[in-house]
Amino acid sequence: MNKKNRKGFEAKFNAIRFAASILIAVLLSFIIILLVSKDPLTAVRKLFLGPLESFRRFGNVVELAILLSFTGLAVSIMFSANQFNMGAEGAVYAGAAVASFIALSLPMPKILAPLVCILGGGLVGAFICVIPAKLKEKWGASELVSSLMLNYVFFYLAKYFANTVFKDPNCGFVATYLLPTNAKLPCLVPGTRIHAGLFVLLVTVIVCVFFMRKTKWGFALRQTGGNPRFAAYVGVNTTFVIAYSQLIGGFLAGMGGAVEVLGMYDRFQWQKLPGYGFDGIVVAILANNKPQFVPLAAFFLAYLRIGADMMATSTDVTSEMVSIIQSIIIMLVAAQAFLAKNRQRMLIKEVKNNG
Amino acid sequence: MGDVFGYIFTAEFGYSVLRVTTPILFAALASVIAENSGASNIALEGIMLSAALFGAVGSGLTHSLLWGFAFALLGGLLITSLLIYFALYLKTNIILAGVALNTLASGGTVFLMYVVLHDKGSTSSLPTLVYPQISIPLIRDIPVVGGIISGQNLLTYLAFVMVAVVWALLYKTKLGMHIRCVGENPDAAESVGISTRKVKIVALAISGALASLGGAFLSMGYMNGFSRDMVSGRGFIAMAAAAMGQYSPVPTMVASLIFGFADALSNVLAAMRIPDEFVKMIPYATTIIGLIIFAASRKKQQQRKRAAALMANQ
């Protein structure tokens, strides 16, 4: 079997395994719904077809997919360096908060204002995500644990400023002052809340794909993630690669938070960690860490989420069911030995056919 | 501020340190066992959460603390067995599997709670039994020390007993030797006929059971009842404690106590006029600082060792 056939076979097998994982997850959700619901038919219909019921609902899917794409890109790039950095969660929160703070404190003209806010959010995210990498490089501290702890630290820090310095005392709920219109991302599609962040995302995806596939830095990153020893042997400065991969990932997550708050909200009002950074892990795994597949994976997860919300509002099944389904999907998609026996059989067949 | 310094030297404060250390200590010991076998148990958070829910609901429905205990173990081992299946059989990266299982437990507990009690916030509609506090004769009469040690929850004593049990298991039994052997050199272990997979399964199961006890304490001791996401990072703090204790039981206990101290301190400061956000940040910030100090000192130690080895060779 030559190299090209081999590559084609791997792609084919991965596609089959991926489809099987989704199928198992779908079947599992049927079973769970059947077990707990008094009205399983409505629940299943809402979960899988709900987002298609109205234009507005479909808009919700796209809105959520924009944010999940940013965090998915962030995690893909951080995980590409084989670093289990969970900082995207804190970066999304702090990115959104800092973008709002900038918008509230610096009056700026249209177009410039959102760009500056997004840049600010991105820089904060980059700062948060590079810390675990630096701690590991300097002292060998586990990036997983330190990034999880840092999420809480930056969450409380940003929340403190939002709830004191920028808090609007006349607002009916805990939130900052109204964000100036100049800083907000305008709505693109009337009848939905799909906003100009979609363009920002498109540009970002293209840049990420180009970065990973066509630049020296992207190549060094893939090498470091694949086999760090070999990379170091051929002269790649792996510590540098790890540092910039976490910086870029954090920047993307912070950008995502900023785009979300400027496109979807009138005020910054998150009082809890929103979980979008962790969703980024799901997206990255579904997309196999490849930026070009991230929007698709984000769309899939967003669709499932909105469907679950609709199911929860009209039936007796809660939306948290989705976290069960998505965890099973991640574990199956990432399972190296899942369907391994079938793989062997397929490979033998392929070799016999092609010689 | 002066009040706070006065307060941390009281028996009452010492008592609360032991109390809040309990769940961290259970989970940290769980991490010790798992890491010694070379498997990272990131799912501690989810295991504790699941055990806390199962324990609270189980004890509430059966009106029995023993059944509550059994249910808590069941809830924790449910998540653990998924971890074992995916990580050791389907070869999913164990860290990814752990992260996924934490998500599963976080959503799954809310889902189950809604199915059973039609409530998404807490199990307050179902009265949960709580493990008794035990007053120890003689010790309770000692001034200060008695106030700290006596009258703790049954599970708090169990947590400290477990330090000795885990120590004995790791260093005095054949199983413990196999666990450490598999963790240190899996190829050598296989070559003398030890199945690394089997040993890891046993280690993860013990780890899951220990973490379940931590979860049981949270919903049937620390609080009375389960509330959504009540573990709130304790599983991760415990992992940091185990890492600081170099995965050895007694130093891990000391590290857990340090984090328990930070946690108790944040509870005290919550009553002061310090902003809530900074108070809540304390345990997490302490963990990061602790992690850095530990990692830095270990690195220095290694460098010194290497230098000494070089000198010896010359």
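Me: What separates the centres of domain 1 of chain A and domain 2 of chain A, and by how much?
Reply: In this predicted model, the two centres, taken over C-alpha atoms, lie 28 Å apart. Domain 1 covers 1–37 + 317–355, while domain 2 covers 63–316.

Me: How do you know which residues make the contact between domain 1 of chain A and domain 2 of chain A?
Reply: Two residues are in contact if their C-beta atoms lie within 7 Å. With that cut-off, domain 1 of chain A gives 10 residues to the contact and domain 2 of chain A gives 12 residues.

Me: What makes up the side of domain 1 of chain A that touches domain 2 of chain A, by class?
Reply: That side holds six nonpolar and four polar residues, and no charged ones.

Me: How many helices and strands does chain A have?
Reply: You can count 14 helices and zero strands in chain A.

Me: What makes a residue of chain A count as buried, and how many do?
Reply: A buried residue has 20 or more other C-beta atoms within 10 Å of its own. In chain A, 53% of the 355 residues count as buried.

Technical notes
Residues numbered from 1 in each chain as written. Chains lettered and ligands numbered in written order. Predicted model: local features only at pLDDT ≥ 70, side-chain atom pairs only at ≥ 80, totals over all residues. Domains from an automatic or database assignment. Nonpolar A, V, L, I, M, F, W, Y, C, P; charged D, E, K, R; others polar. Helix = DSSP H or I, 4+ residues; strand = E, 2+ residues; numbered from the N terminus. Buried ≥ 20, exposed ≤ 12 C-beta atoms within 10 Å, placed from the backbone.
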